[in-house]
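Please have the sequence and the model open while reading.

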Amino acid sequence: MAELTQENFLQRYGNLMVQIWGVPALKDRFKKDPTAVLKEYGMDTEGARVTLLGPGMPNALGITDCTMESQYRLWVQGKQKGNVPFYYLEQAPEGAGSEALTDEELMAVAGGWSI
């Protein structure tokens, strides 16, 4: 499978985070089986194990920042090494959309389309 470009990865990562913050059942599934959920969102680990981390938690690859851009580097390096450290926030950051998303907005994000 071809490696995701950084732009594609960041779009899928962002879409997944928005869904996790808005859909508690998805967050629960993600915490139990992150590999399956990542694959559903177009991020196939290709057999690498996924280690979920919260902000500020150390990762095995020595990358200490947990920006979206550093998450892409962790993704690429982690897949090569067989263990992807995957940072995520349990809740949306303060000010990142204080209103709830409608079902239509959630579906647009999940499908990658917006009308």
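Which residues have the most contacts inside the largest nonpolar core?

## Basis of the model

This is a predicted model, in which local features need pLDDT of at least 70 and side-chain atom pairs count only at pLDDT 80 or more, while totals for chains, interfaces and linings use all residues. Residues are numbered from 1 along each chain as its sequence is written, and side-chain values use heavy atoms, with hydrogens and water left out.

## Nonpolar core

Phe-9, Leu-16, Phe-30, Leu-38, Met-43, Trp-75 and Phe-86 have the most contacts inside the largest nonpolar core, which has 23 residues. At least two residues of this core come from each of α1 (6-22), α2 (24-32), α3 (34-40), β1 (49-53), α4 (68-81) and β2 (83-87). Helix α1 gives the most, with six residues. A nonpolar core here is a set of buried Ala, Val, Leu, Ile, Met, Phe, Trp, Tyr and Cys residues joined through side-chain atoms within 4.5 Å. Buried means under 20% relative accessible area, with a 1.4 Å probe and protein chains only.

Leaving out residues up to four places away in sequence, Phe-86 touches residues including Phe-9, Leu-16, Phe-30, Leu-38 and Trp-75. Contact means heavy atoms within 4.5 Å.

## Lys-79

Lys-79 lies in helix α4 and counts as buried because its relative accessibility is 16%. Beyond its neighbours within four places in sequence, Lys-79 contacts Glu-3, Asp-44, Thr-45, Glu-46, Ala-48, Leu-74 and Val-84.

## Whole chain

The chain has five helices and two strands, in the order α-α-α-β-α-β-α. Helices (H or I, at least four residues) and strands (E, at least two) are DSSP runs, numbered from the N terminus. Of its 115 residues, 33% count as buried.

Technical notes: Buried means under 20% relative accessible area, exposed over 50%, partly exposed in between (1.4 Å probe, protein chains only).
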